[in-house]
Amino acid sequence: MEIIELTNKELNEIESTFLEYVKMKSQELEHRCRGAARKGVQLEFVDTPSFQLHSRFLTDDDYRAVILFPRLQLMAMYQLFFQLKGRDALALGEDVRLVRWSMFYVAICCVLQHELAHIYRGHLYLRQFWKENWEQHILDWKTLEWDADRFVAEVLAEYWGVWKENKGKEETGLGIQMLCGTLHGMMFWQRRQENLCADVEREQQILVRECAILQRMPVLYERQQEVLEYIQAYEEEFRRVFKNNGALELPHNIFEVSSALQELQSHWEKIKKELQPYAMMLLEE
Ligand SMILES: [Zn+2]
C-alpha cells in the first residue's frame, strides 16, 4: 500500500489537536464525577511497535490517568481516511480534504472517548481483577466494550448536531454518509489491527458492537437502507486501501437486535451492579 508521508510539523499539529481534545473532554467528565475532581486525563503518543491503546491510573499525580496512544495507530487511521476515494455510492463532496479530515478527526475522538469510558466508568478496575482467569470473563469483557461504545455513539451524535446546524438540507446526505464512514472506518480498523482475517468469530463480535452503536443513533435508524448501502461501499473502499480481500459478510439487517447483542444487553444488568462501586459517575439504567 502506498503511504502518505507527513512532515514533523503536520504530525505535531495533529497530535496537539487530540491532546487538547482529551484535556477538554476529561475535564468535562471530572465535573460529572462523584468525589474530588482532578485535572483530568493525560494523552501521550508513544512509539511502541504495537497498535493497541493502553490506559492506566496515575496514583501520585494531579491527573487521574494516562492514555498511551501508539503513533502507529494514529498514522494507520490517517492513511485509512486520507486515501479514501469518492466513487459510485460514495461522494466526498466538493471539499474532499475537509471531508477526509473530519472523518479522521471524529474517528480518533471516538477511540479516545471509548478509552475515557474505560477510565471513568470503572472498567479498568474490574478488568484488573479478571487478569488471573480471563477465560471465565470473556462475556464480562465484551459487555464492558459494549458499554464503552455508549461514548462513541455520543461523539457521533454530537458531531451530527454540529453538521446539521452548519450545513443546509442538501448536505444532509453527505453528513449521514460521513457518519457511516467514520464509524465503519473505526471499526474496520479494529478488525484489521488484530489481523483477524482468519478469525471470523472475532470479526463478528466487532460487527455486533458496530450494529449496537448504529442502533443507538435515531438519525441512522430512520434511514436503514441508505446506511447499509454506505457501509457496504465503505467496506469495499477500505479494503481497497489496505489491499485486503477478506470475505467477511456484513449482516443484511444491521438494525436487528441480534441474539449476541441481546446477550450483552441482559448481561449489562449484572455487570452494572459490580461496576458501580468503582465507577466515578452514576451508571445509567
Ligand atoms: Zn475498549
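Phe-81 is in contact with Arg-100, Met-103, Phe-104, Ala-107 and Gly-185, leaving aside its neighbours within four places in sequence. Two residues are in contact if their C-beta atoms, placed from the backbone, lie within 7 Å. The model is a predicted one, in which local features need pLDDT of at least 70 and side-chain atom pairs count only at pLDDT 80 or more, while totals for chains, interfaces and linings use all residues. Residues are numbered from 1 along each chain as its sequence is written.

Phe-81 also belongs to the largest nonpolar core, which has 55 residues. Together with Met-77, Ala-107, Cys-110, Leu-116, Val-155 and Leu-156, Phe-81 touches the most other members of that core. Helix H3 (residues 96-120) gives the most to this core, with 14 residues. A nonpolar core is a set of buried Ala, Val, Leu, Ile, Met, Phe, Trp, Tyr and Cys residues joined through C-beta atoms within 7 Å. A residue is buried if 20 or more other C-beta atoms lie within 10 Å of its own, exposed if 12 or fewer, and partly exposed in between. Helices (H or I, at least four residues) and strands (E, at least two) are DSSP runs, numbered from the N terminus.

**The sheet**

Three strands form an open sheet in the order S1-S3-S2, with mixed pairing. Strand S1 (41-46) and strand S2 (54-57) stand at the edges with a single partner strand each, so one side of each is left without a neighbour in the sheet. Neighbouring strands are turned by 20° against each other on average, direction ignored. Strands count as paired if DSSP finds at least two bridges between them. S2 and strand S3 (residues 65-70) run antiparallel and are joined by four bridges, whereas S1 and S3 pair in the parallel sense over six bridges. In S3, Val-66 is the bridge partner of Arg-56, and Gln-42 also stands opposite Val-66. Phe-57 stands opposite Ala-65 in S3.

Helix H2 (residues 71-82) packs on the sheet, touching S1 and S3, and its direction makes about 55° with that of S3. The covered face of S3 holds Ala-65, Ile-67 and Phe-69, and the uncovered one Val-66, Leu-68 and Pro-70. In a regular strand the side chains alternate between the two faces of the sheet.

**Helix pairs**

Axes are lines fitted to C-alpha atoms, for helices over the stretch in contact, and angles run from 0 to 180 degrees between N-to-C directions.

| Helix pair | Axes come within | Crossing angle |
|---|---|---|
| H6 (residues 172-193) and H7 (residues 200-215) | 10 Å | roughly 160° |
| H1 (residues 8-32) and H3 | 11 Å | roughly 40° |

The angle between H6 and H7 makes H6 roughly antiparallel to H7, a label for angles over 145 degrees. H6 passes H7 in a right-handed crossing, and the crossing of H1 and H3 is right-handed. Right-handed means that the near helix is turned clockwise from the far one by less than a right angle.

Leu-183, His-184, Met-187, Gln-190 and Arg-191 in H6 meet residues of H7, including Glu-203, Ile-206 and Ile-213. In H1, residues including Phe-18, Tyr-21 and Leu-29 meet H3 residues, among them Ile-108, Leu-116 and Tyr-120.

**Leu-174**

Leu-174 lies in helix H6. Leu-174 counts as partly exposed because it has 17 C-beta neighbours inside 10 Å. Not counting residues up to four places away in sequence, Leu-174 touches Ala-91 and Gly-93. Leu-174 and Trp-268 are 94 residues apart in sequence and 35 Å apart in space, C-alpha to C-alpha.

How values were computed. Parallel < 35°, antiparallel > 145°, perpendicular 65-115°, else oblique.
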